[in-house]
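Trainee: Could we go through this model together? I'd like to ask my questions while we look at it.

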Amino acid sequence: MPEILLALAAVKSVTNLPVVASMSFDSGPQRARTLMGATAEQAAAALDEAGADAIGSNCGAGIAAALPAVVALRANTKKPLWIKPSVGLPDLEEGRPVYHHTPDEFGGFVPALIDAGANILGGCCGAGPEHIRRVAALVASRRRKH
Ligand SMILES: [Zn+2]
């Protein structure tokens, strides 16, 4: 985790713009650890203290696997959570990654992420315009209800 703390300090030293610090949590039994073993709890606390304006989770093993990290991040920071999961793990077909979650399947996980504390939602690997349109529609629908 020292790399992201150094990067955050460097960026904060040259701009007053809000800075999102995001890591991938796709290791460990709950998929809530980084590849190097940092927990989402540790990341949230360290990035919050270091001055990140929003703290995120990106990519990983897919939107279905993103929830434990979101819960752990929210439990350790009041900063906005920027959650940008991949669509899922791809299969390789003729040497190209092919993702199988449809926009509706991807969007099916959005309410749980919002309930867990996600404030900014998007998509990483495998997410196309239709996935993002589905997420935006779900967020807009939730806003109208509240
Ligand atoms: Zn990705």
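Trainee: Where is the place of Leu89?

Mentor: Before you look, know that this is a predicted model, where local features need pLDDT of at least 70, side-chain atom pairs count only at pLDDT 80 or more, and totals for chains, interfaces and linings use all residues. Residues are numbered from 1 along each chain as its sequence is written. Helices (H or I, at least four residues) and strands (E, at least two) are DSSP runs, numbered from the N terminus. With those names, Leu89 sits in the loop between β3 and β4 (91-93).

Trainee: Is Leu89 buried, exposed or partly exposed?

Mentor: Count the other C-beta atoms, placed from the backbone, within 10 Å of its own: 20 or more is buried, 12 or fewer is exposed, and in between is partly exposed. Leu89 has 16 of them, so Leu89 is partly exposed.

Trainee: Which residues does Leu89 touch, not counting those up to four places away in sequence?

Mentor: Contact here means that the C-beta atoms, placed from the backbone, lie within 7 Å. Cys125 is 36 residues apart from Leu89 along the chain, and their C-alpha atoms are separated by 8.8 Å. As for touching, Leu89 has Ala61 and Gly62.

Trainee: What is the order of the strands in the open sheet?

Mentor: Strands pair if DSSP finds at least two bridges between them. Five bridges join β2 (residues 54-59) to β3, and two join β3 to β6 (residues 120-121). The edge strands, each pairing on one side only, are β1 (20-23) and β6. The pairing is parallel, and the order is β1-β2-β3-β6.

Trainee: How many residues of β3 are buried?

Mentor: Look at both ways the residues of β3 (residues 81-85) point. Leu81, Ile83 and Pro85 go one way, Trp82 and Lys84 go the other, and all are buried. That leaves β3 mostly covered, with the buried count at five of five.

Trainee: Are α2 and α3 parallel, perpendicular or oblique?

Mentor: The axes are lines fitted to C-alpha atoms over the stretch in contact, with angles from 0 to 180 degrees between N-to-C directions. Here the angle is about 40 degrees, and the axes are 8 Å apart. Under 35 degrees is roughly parallel, over 145 roughly antiparallel, 65 to 115 roughly perpendicular and the rest oblique. That makes the pair oblique.

Trainee: Which residues of α3 make the contact with α2?

Mentor: Find α2 first, where Ala40, Glu41 and Ala44 take part. On the α3 side, look for Ala69, Ala72 and Leu73.

Definitions and conventions
Contact = placed C-beta atoms within 7 Å.
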